[in-house]
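This report describes selected features of a protein model.

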Amino acid sequence: MRILLIADIHANYEALETVLKVSHDRVICLGDIVDYGPDPDKCVDLMRMKGIPVIRGNHDNAVAFKVDCQCGYKYKHLSIATREYTWKILNRPEIEYLQKLPLVIKEEIDGKSLYLTHASPRSMFEYIKPETQDDEIQNMINEAAEPVETGFLIVGHSHIPMNRKLGNLTIINPGSVGQPRNGDPRASCAVFDTENGEVEYLRLDYDINSVCAKIKERMPHADELIAILRRGY
């Protein structure tokens with residue numbers, strides 16, 4: 001089975017439409033549908049319409065429950081400002097949808113154990129990055145409510161694609177659909193082959209000019225938001 005892994009859409013509808021055209025059997029989203037982008041309603045509605053399993057990310061959580069997203073200092077002011085915009089755009093059923101999203105999805109497919117969560121098994125707020133030390137990740141796993149020891153740990157949150165081993169565990173991050181942060185502005189996603197355990201990472205061009213035009217027309221801090229999208233960080 002080919003599972004399309006997507007994460008960190010951040011209200012970028014054009015990027016979301018583009019990655020969903022990738023050949024797949026199933027789609028799973030690792031969270032953060034909203035904030036930063038101009039189309040939170042269209043992104044939420046598309047996920048609902050297609051019945052795509054979605055994990056609640058820290059930005060989904062912040063929008064849903066009106067709490068701090070606990071994101072990094074560099075983008076904090078943008079997340080706060082765009083959240084006010086997001087609340088004006090989303091209707092009550094869309095907010096309730098975000099409130100009901102799970103924190104973890106666990107599956108057994110083709111003999112593979114998959115543990116999917118937004119950030120780390122311990123918290124929706126902490127980052128597992130390529131440079132994160134093994135012992136730090138191990139602590140996140142050991143102190144989780146439901147520890148994962150073998151198989152595949154699949155996360156988002158950092159916006160950086162990753163495939164690394166930690167003992168008997170393979171950690172996968174597909175990167176960000178709508179807000180890449182590793183210097184490549186194209187939409188990022190991954191296809192996980194459950195038969196052989198291999199991961200294919202994809203970077204896809206999308207209509208970024210259309211997204212930037214909507215940001216310019218509708219959103220606060222438009223110039224800064226546009227610059228981040230075009231730089232890819």
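## Strand pairing

Val191 lies opposite Glu200 of strand β9. Strand β8, residues 187-193, runs antiparallel to β9 and is joined to β9 by six bridges. Strands are DSSP runs of E with at least two residues, numbered from the N terminus, and two of them pair if DSSP finds at least two bridges between them.

## The sheet

Four strands form an open sheet in the order β2-β1-β8-β9, and the pairing is mixed.

## Basis of the model

The model is predicted: local features need pLDDT of at least 70, side-chain atom pairs count only at pLDDT 80 or more, and totals for chains, interfaces and linings use all residues. Residues are numbered from 1 along each chain as its sequence is written, and side-chain values use heavy atoms, with hydrogens and water left out.

## Cysteines

How many disulfides does a search of the whole structure find? The search returns zero, a disulfide being a pair of cysteine sulfur atoms within 2.5 Å. For Cys43, the closest cysteine sulfur is that of Cys29 at 9.6 Å, which is too far for a bond. Cys189 is likewise in no disulfide, and the nearest cysteine sulfur, again in Cys29, is 12 Å away.

Cys43 is buried, at a relative accessible area of 0%. Cys189 also counts as buried, with 0% relative accessibility. Buried denotes under 20% relative accessible area, exposed over 50% and partly exposed in between (1.4 Å probe, protein chains only).
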